[in-house]
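Visitor: I am new here. Could you show me the chain and walk me through it?

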Amino acid sequence: LDMISLLSSLSVAALDAPVPLISPRGDFQPAAASELASVGGARSVVATVGGRLRARRLLNSIFATEFDTARAPAAGEDRGGAYVAASPQAPELLLVHTEAASAGEACEDGAVADESAFGCFALGLADAVLVLPPCAEPTRPVLVSAYEEIFAQLAATAEPTDGKRTLLVHLAQSAADAAAIKSAAMDAWAAACGGGAEPSFDSRFELTAIALPSSAVDADAFSAGATELRTRLRTLARDGFGTPIAATEVAARAEAVWLAVQSAASGRPGGAALRERYQAARAYEASMEAAVLKLRPLSAAVAKGRVIDGFGAAADSLLNGTLAHYDDAVADVSGITAELVARRRAILSKQLQADVKELFSKQQRSLARSVCKRYERQLLAVMERAGNVAQYQRDRLRKNAERAYDAQVASLVVPSLGGPTRAQLTQSFSAQLTAFADRLGGGPPLPGPPQAGP
């Protein structure tokens, strides 16, 4: 038994150096089958998506593999593709690193070897997928875009899974908000499924986030994250993520998955479309953030009961300026995402108009209350002096109140909102004044003093 174990460990060690499964040009490498034949035992499959050089370095550091980590490839070399390795430090795993080809790399016979294709390949082949985000502190739109690129064609490619779930391990470079990351991934999955509720994210995946900073930046945190990752991957089958398979079967399974990916590639958004989706999402986020910053002081003033002189012009400029900023940011997108761009613009406009309309309504009500109170004081002052309010006095006071209201409400009206006009608002306020005076006087206006006879 000891000799068998020794031979087995030697066989595993022989595959520390990665073996190509798929070339950068998108063609499957049949020679991988003979290389994998030397690896004994049934194993769970773990794949990487994203990260490129960082992913290769992490695999080498955590599992003692030998992926190439030179910063610059040799002339004419492209490190894209998919590669498989087996490490003696993880005898229960096969490690598959995926990396999209360079933008200028031509693929064989129309094959697709971009981020979406390899994302789909990794999810179809592996029991656990290590997801490396594109930057150290990604915003929500960046996360949604990254996961949408991974999920882009999976819904169209995948066969019935019979309840099989895949573990997604999000490897953050700093402290990770697992709930926020999962929310972004769920939104990306819903988009990949065409907005439908089925299959649900939780029926297909479990997502966990592990902080794994550079060992050069924080060696202790890296060590802790690496230990957590190894522990999590060691029990994949026991935790319900797939069934270990013989290494000799992995090549055949990988070839079948890659063929399915290629056959479905024509039915999913291309890399350009996904980049434009991100561009639209980022333009929306940046435009909304800028508008919110401008609205914040206005909201604070209105909350204190102030009526802001010139609010209408300022709000109109904000609305039009924000939409113009968004339009400039998406001016170079193509027709493939025109519907999405228009939908996000409509959402941006609707949300800003709702915020501005609320501020306008609050100020209009404050103005109406202020003028009504002044009108009330004036009516009561007349009644105290004369015992009643003559019609001509009521008319004069009402006209004064209407003029005061009209002068101020004119500066509140926001033309681009398309709501009531200045004249309509003043007319409505005049009717309120009449009703208010009637209530104050307990009914119709009291007659004035009798006129002298001829």
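Visitor: Which helix holds Asp406?

Guide: First, a word on the model: it is predicted, so local features need pLDDT of at least 70, side-chain atom pairs count only at pLDDT 80 or more, and totals for chains, interfaces and linings use all residues. Residues are numbered from 1 along each chain as its sequence is written, and side-chain values use heavy atoms, with hydrogens and water left out. Helices (H or I, at least four residues) and strands (E, at least two) are DSSP runs, numbered from the N terminus. The run that covers residues 391–409 includes Asp406, and it is helix H14.

Visitor: With which side chain does the side chain of Asp406 make a polar contact?

Guide: A polar contact is a pair of N or O atoms within 3.5 Å; within protein, one must be able to donate a hydrogen and the other to accept it, and residues adjacent in sequence count only if both atoms are side-chain atoms. Leaving aside neighbours within four places in sequence, Asp406 is in contact (heavy atoms within 4.5 Å) with Arg422 and Thr426. The polar contact, at 2.8 Å, is with the side chain of Thr426.

Visitor: How many aromatic pairs are there?

Guide: Rings of Phe, Tyr and Trp (its six-membered ring) pair if their centres lie within 6.5 Å; planes under 30 degrees apart count as stacked, over 60 as edge-to-face and the rest as tilted. By this rule the count is nine.

Visitor: What kind of pair do Phe151 and Phe201 make?

Guide: A pair of aromatic rings is described by the distance of the centres and the angle of the planes. For Phe151 and Phe201 the centres are 6.4 Å apart and the planes are at 70°, so the pair is edge-to-face.

Visitor: How many residues apart are Phe151 and Phe201?

Guide: Phe151 lies in helix H5 (residues 140–151) and Phe201 in helix H8 (residues 201–204). The pair links distant parts of the chain, and the separation is 50 residues.

Visitor: Is Trp189 buried or exposed?

Guide: Buried means under 20% relative accessible area, exposed over 50%, partly exposed in between (1.4 Å probe, protein chains only). Trp189 has a relative accessible area of 3%, so this residue is buried.

Visitor: Which residues form one aromatic cluster with Trp189?

Guide: Phe205, at 1% relative accessibility, counts as buried, and Phe151 and Phe201 are buried too. Together with Trp189, one aromatic cluster is formed by Tyr147, Phe151, Phe201 and Phe205.
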